[in-house]
Structure formats: C-alpha cells, structure tokens
Amino acid sequence: MNWRTVRRLVTLAILLSAVPEEAACQHILIVYHSETGHTARLADAVATGARGVAGAEVRLVPVDSVSHDDVLWSDALIVGSPVYAANVSAPIVTFLDSLPFNGEMRDKIGAAFVTAGGMSAGEETAQLAILRAMLIYNMIIVGGPTWTEAFGASAVTIEPPFEDTAVPASIDSMFVAKGSKLGTRVAEVAALLAGNGGE
C-alpha cells in the first residue's frame with residue numbers, strides 16, 4: 001500500500017467520523033379526555049409544540065382509545081384533562097390507575113395540561129393530581145418553560161374575557177401558546193435525556 005492510498009484512507013476515516021449519528025427518535029404520547037372540545041384543542045397545541053422538535057414522534061390519543069402498547073411505546077407521557085370540582089375527570093383517573101405498576105413507567109417523562117371553566121377553578125390542583133400519580137410510577141416530571149407554567153399548561157375557557165361564544169371549543173391564543181411550549185419543552189427534555197440534545 002503506497003502513501004497516497006494510506007492518505008486517502010485516513011482522510012476518508014476523518015470525514016466519516018465527522019458525520020453525526022442519526023438522533024434516536026423520542027416517542028411522545030399525549031393522552032387526553034375532552035367533553036366539550038376545549039381539552040382536545042389544547043392537546044392539539046401540545047402536540048404541535050412537540051412535533052416541532054427534531055427527532056420527536058408524537059401520538060395524540062383520546063383516553064378512550066389509548067392502548068397498553070401506546071404507553072409502553074412512549075418515552076414521555078403528557079396527560080390532559082378538563083377540571084371537574086378541582087380534580088381531573090373520571091376517565092383520566094381510570095387511565096392513570098391503569099398504568100403498569102411493575103417499573104415500566106420508571107424514568108419516562110411525565111407532564112400535565114388541563115382546561116377549566118374559570119380562573120382559580122382548580123387548574124393547579126388538577127395538574128398536581130396528574131403529576132402526583134406520575135410520581136408514584138417513578139416518572140420524571142417536567143413542567144412548562146417558565147414560572148408561569150410551572151405545573152404544565154392550563155386554559156380558562158368560559159370566564160370572560162377568555163370565552164369566545166362565536167367559535168365552539170375555542171381557546172384563547174395565550175393558552176394555545178402555553179400548550180405548544182409545554183409540548184416543545186417535553187420533547188426537548190426527552191431528547192436531552194436520550195443524549196440527542198444540549199451543547
């Protein structure tokens with residue numbers, strides 16, 4: 001082997017080592033319950049934010065359609081509920097109670113979002129109900145990107161000035177943006193934990 005061949009092989013090895021490995025795909029599962037469409041609208045915003053992060057694969061599933069395989073597939077689980085009497089809805093309670101308790105949820109990322117009729121109508125207590133359940137399963141909790149979204153995302157849907165009677169199931173753009181930012185943050189943290197992000 002002559003020196004030119006050796007030089008070409010060394011150059012090729014250097015070039016190949018500079019090519020980044022393809023980032024692993026992060027699986028983001030968003031499970032929600034919606035009676036009026038408000039929580040479904042916020043779930044769409046969360047999904048939009050998560051899908052904007054490179055390497056994120058998102059499943060957006062109503063709670064009555066979610067499967068055990070969906071849950072096991074996920075690296076991150078984001079759960080959304082309407083607020084009923086300062087708590088989550090019965091279908092969300094049933095879903096959270098059905099999560100595998102044998103360690104399969106351990107170290108998955110968990111996050112929450114809710115919709116409530118009015119301000120101070122139980123949004124944070126409902127979010128905490130979701131997050132407390134996730135902690136029991138040894139999940140890693142992620143909140144929103146700022147202190148104003150510390151427990152996740154929430155939306156006020158009926159109390160003025162946020163009600164829009166002209167558009168069914170509408171949510172104020174401020175809350176849509178918060179939902180999107182929650183989805184983005186969860187997907188970014190999932191990538192960081194997998195070693196696909198950061199500096």
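Let's start with the fold: the protein chain has 6 helices and 6 strands. Both are DSSP runs numbered from the N terminus, with helices being H or I of at least four residues and strands E of at least two. The order from the N terminus is α-β-α-β-α-β-α-β-α-β-β-α.

A word on the model. It is predicted, so local features need pLDDT of at least 70, side-chain atom pairs count only at pLDDT 80 or more, and totals for chains, interfaces and linings use all residues. Residues are numbered from 1 along each chain as its sequence is written, and side-chain values use heavy atoms, with hydrogens and water left out.

Now the chain as a whole. Of its 199 residues, 44% are buried. Buried means under 20% relative accessible area, exposed over 50%, and partly exposed in between, with a 1.4 Å probe and protein chains only. Take the contacts (heavy atoms within 4.5 Å). Among those with a separation of 6 or more, 78% join residues 24 or more positions apart.

Which residues of α5 are buried? They are E123, A126, Q127, A129, I130, L131, A133 and M134. Their cover includes β3 (76-82), α4 (90-98), β4 (109-116), β5 (140-141) and β6 (153-156). Just after α5, N138 takes a positive phi of about 65 degrees.

Two loop residues also have positive phi. A86 sits in the loop between β3 and α4. Its phi is about 65 degrees, although A86 is not a glycine. A86 counts as partly exposed because its relative accessibility is 34%. D107 is in the loop between α4 and β4. Phi of D107 is near 70 degrees, and D107 is not a glycine either. D107 is partly exposed too, at 49%.

Last, the largest pocket. A pocket here is an open set of points on a 1 Å grid over the protein atoms alone, where a 1.4 Å probe fits, with protein on both sides within 12 Å along at least five of seven lines; lining residues have an atom within 4 Å of a point. The lining has 17 residues, with E123, E124, T148, S154 and K178 nearest the centre. Helix α5 returns here: α5, β6 and α6 (173-193) each give two or more residues to that lining.
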